[in-house]
Amino acid sequence: IVVALALSLVGLLIQISVVSPTDARTFERPVRQVAYIVAAAVLAAAAAGFGYERALRWSRPLLLANWALLGVLLLPGMPSRGGAARWIEAGPVHVQPSEMAKLTMILFLTAFAARRGPRMRGFFSGFVPSLLYMVVTALLVIGEPDLGQTMFLLALSAAVLSCPLHAQTY
């Protein structure tokens, strides 16, 4: 927490130091950055209080909700930049579902492996279902199109599934 706070403060000082003191909008970005730091701290405290066991129980609905948000980006008429629709904009809130997909895939695949237990070692009972969840998510992200995010998501998912910590459930 101290390191994250220190890095946030250094970033804030850098933003303040690069703007002209005569500019009318001198503190616009730093104030926005402070708001982001406060929001991140509140979210971190909420996540810590939520607990990982509860988060794992919510992994399936979170994954389905994330798939729905990724699907919204594929609808015709979504605002795009450079031919890519990656953001859902609702007033001042801008959400990038592919970023949330990283967290939801970590949570879901961890919960999935824990529920499957020893069956995760089987090709048809462990590998194939895991691969299907990964492929559906990857296809939704690549549809934005975002190849870099897709490759990172697949690598992240593979790392979660290869984690030796799951050996405790076997």
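**Notes on helix packing and aromatic residues**

1. Tyr 133 counts as partly exposed, since its relative accessibility is 25%, and a residue must fall under 20% to be called buried. Please keep in mind throughout that this is a predicted model.

2. Trp 67, for its part, counts as buried because its relative accessibility is 18%. Ring pairs also bring Phe 108 and Phe 112 together with Trp 67 and Tyr 133 in a cluster.

3. The count of aromatic pairs comes to 6. One of the pairs is formed by Phe 123 and Phe 127, which are stacked at 5.4 Å centre to centre with 25° between their planes. Both of these residues belong to helix α6, where they are 4 residues apart, or about one turn of the helix. Phe 123 is partly exposed at a relative accessible area of 48%, and Phe 127 is likewise partly exposed at 44%.

4. How do the axes of α4 and α6 cross? They come within 9 Å of each other and cross at roughly 30°, and the two helices are therefore roughly parallel, given that angles under 35 degrees are classed in this way. The crossing of α4 past α6 is left-handed. On the α4 side the contact is made by Leu 63, Trp 67, Leu 70 and Gly 71, which meet Tyr 133, Val 136, Thr 137, Leu 140 and Val 141 of α6. By class, this contact has 7 nonpolar and 2 polar residues, with no charged residues.

5. Helix α4 (residues 59-73) also packs against helix α5 (residues 97-116), at an angle of about 150° and with the axes 9 Å apart. The two are therefore roughly antiparallel, as angles over 145 degrees are counted, and α4 passes α5 in a left-handed crossing. The residues of α4 in this contact include Leu 62, Leu 63, Asn 66, Leu 69 and Leu 70, while those of α5 include Met 100, Ala 101, Thr 104, Met 105 and Phe 108. By class, the contact of α4 with α5 has 12 nonpolar, 4 polar and 2 charged residues.

6. Glu 144 deserves a separate comment. It is found in the loop between α6 and α7, and it counts as buried because its relative accessibility is 3%. Not counting residues up to four places away in sequence, Glu 144 touches Leu 70, Leu 73, Leu 74, Gly 83, Ala 84, Ala 85, Arg 86 and Ser 98. Between Glu 144 and Thr 26 there are 35 Å in space, C-alpha to C-alpha, and the two are 118 residues apart in sequence.

7. Is Thr 150 buried or exposed? With a relative accessibility of 5%, Thr 150 counts as buried. This residue is placed in helix α7 (residues 147-161), and, leaving aside neighbours within four places in sequence, Thr 150 is in contact with Ala 138, Val 141 and Ile 142. Of these contacts, Val 141 is also one of the α6 residues that meet α4.

Conventions:
Residues are numbered from 1 along each chain as its sequence is written. This is a predicted model: local features need pLDDT of at least 70, side-chain atom pairs count only at pLDDT 80 or more; totals for chains, interfaces and linings use all residues. Side-chain values use heavy atoms; hydrogens and water are left out. Buried means under 20% relative accessible area, exposed over 50%, partly exposed in between (1.4 Å probe, protein chains only). Contact means heavy atoms within 4.5 Å. Axes are lines fitted to C-alpha atoms, for helices over the stretch in contact, and angles run from 0 to 180 degrees between N-to-C directions. Angles under 35 degrees count as roughly parallel, over 145 as roughly antiparallel, 65 to 115 as roughly perpendicular and the rest as oblique. A crossing is left-handed if the near helix is turned anticlockwise from the far one by less than a right angle, and right-handed if clockwise. Ala, Val, Leu, Ile, Met, Phe, Trp, Tyr, Cys and Pro count as nonpolar, Asp, Glu, Lys and Arg as charged, and the others, Gly among them, as polar. Rings of Phe, Tyr and Trp (its six-membered ring) pair if their centres lie within 6.5 Å; planes under 30 degrees apart count as stacked, over 60 as edge-to-face and the rest as tilted.
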